[in-house]
Amino acid sequence: MKNSPKPKKVKKPLTIEQKINRRTFISFGTFAVLSGAAYGGWSWLKNSPKEIRTVTAGAKAPLRRALNKTELFFRNFFSNNNLVKTYPKERAVKVVRYNSGIGLQTAHDIESWKLQVKKQSGEVMNITLDEIKALPKTEIIFDFKCVEGWDEISHWGGVKFSDFIHHFKLDDQAKLDYVGLVTPDKKYYVGLDMPSAMHPQTLLAYEMNDMPLTPKHGEPLRLIIPVKYGIKNLKCIGSITFSNQRPPDYWAEKGYDYYSGL
Ligand SMILES: Nc1nc2c(c(=O)[nH]1)N[C@H]1C(S)=C(S)[C@@H](COP(=O)(O)O)O[C@H]1N2
Ligand SMILES: [Mo]
């Protein structure tokens, strides 16, 4: 048999309708693939586990990872190993501004006041002001900043929180992620990440301008934490707790940033 040449396939030019159909098909195909990818990404995020530990706890872990990275960057950059700017004593205001006194109105007996330290085991220590004052005193003059938009250079004296931890053998508690502080009447409360609490400029303060704290400024003992906004500087500490979960925080519950770092 003779090899007959294969008939050349002649492509018939596409009609307009066919062209439109083909484009439509490609468009929808692309749309479907992209939608699928978007849905996949969304459901991956939706089904991701929630992150429970660390400062930015609460939402989906992948988003948290991004937040945590950002936060860690800022924390390292601004706070942890860096000291907040301090000033000479003469720069401190003589009359310190008073701002908000939640948890200070309830009468409590200053004479019988003791700091309650609640360990994770449930053990409670009761520490007197004299025991705290017996530790080395640290003073700081820094620019105190309130989220409401004012700042003021003020002068405080007390015990470094980290000195307090070591002295009262609370180092195992300091390995947990958070510290919680509450007023004696439990009306004002803050949560702090441990690195900020252990920052060398964080004080359990009992003096302001070389004098014992006044009731309005948190007698007999308040927190001074210069790496945070004013809201975290709890006045009149009743108890201290340690935990791996975020302790309740008065202003965070009202929508303010839990970390509230500077
Ligand atoms: N117990 C208690 N502590 C508190 C507050 C409060 O309302 N109650 N307000 C906070 C806020 S918002 C600020 S700015 C500072 C103000 O401290 P000062 O009044 O000593 O200036 O205290 C913080 N500590
Ligand atoms: Mo504030």
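Colleague: Is cysteine 146 buried or exposed?

Modeller: Cysteine 146 counts as buried because its relative accessibility is 8%. Buried means under 20% relative accessible area and exposed over 50%, with partly exposed in between (1.4 Å probe, protein chains only). This is a predicted model: local features need pLDDT of at least 70, side-chain atom pairs count only at pLDDT 80 or more, and totals for chains, interfaces and linings use all residues. Side-chain values use heavy atoms, with hydrogens and water left out, and residues are numbered from 1 along each chain as its sequence is written.

Colleague: And what about cysteine 236, buried or exposed?

Modeller: Cysteine 236 counts as buried, because its relative accessibility is 1%.

Colleague: How many disulfides does the structure hold?

Modeller: The structure holds zero disulfides, a disulfide being a pair of cysteine sulfur atoms within 2.5 Å.

Colleague: Which residues have the most contacts inside the largest nonpolar core?

Modeller: They are Leu115, Phe164, Ile240 and Phe242, in a core of 37 residues. A nonpolar core is a set of buried Ala, Val, Leu, Ile, Met, Phe, Trp, Tyr and Cys residues joined through side-chain atoms within 4.5 Å. A second, separate core has 12 residues, including Val96 and Phe144.

Colleague: Now the sheet: in what order do the five strands lie?

Modeller: The order is S2-S1-S10-S5-S6, in an open sheet with mixed pairing. Strands are DSSP runs (E, at least two residues), numbered from the N terminus, and two of them pair if DSSP finds at least two bridges between them. The edge strands, S2 (124–127) and S6 (189–193), each pair on one side only.

Colleague: Which residue stands opposite valine 182?

Modeller: Tyrosine 189 in S6 stands opposite valine 182. Strand S5 (residues 178–182) pairs with S6 in the antiparallel sense, over five bridges.

Definitions and conventions: Chains lettered and ligands numbered in written order. Helix = DSSP H or I, 4+ residues; strand = E, 2+ residues; numbered from the N terminus.
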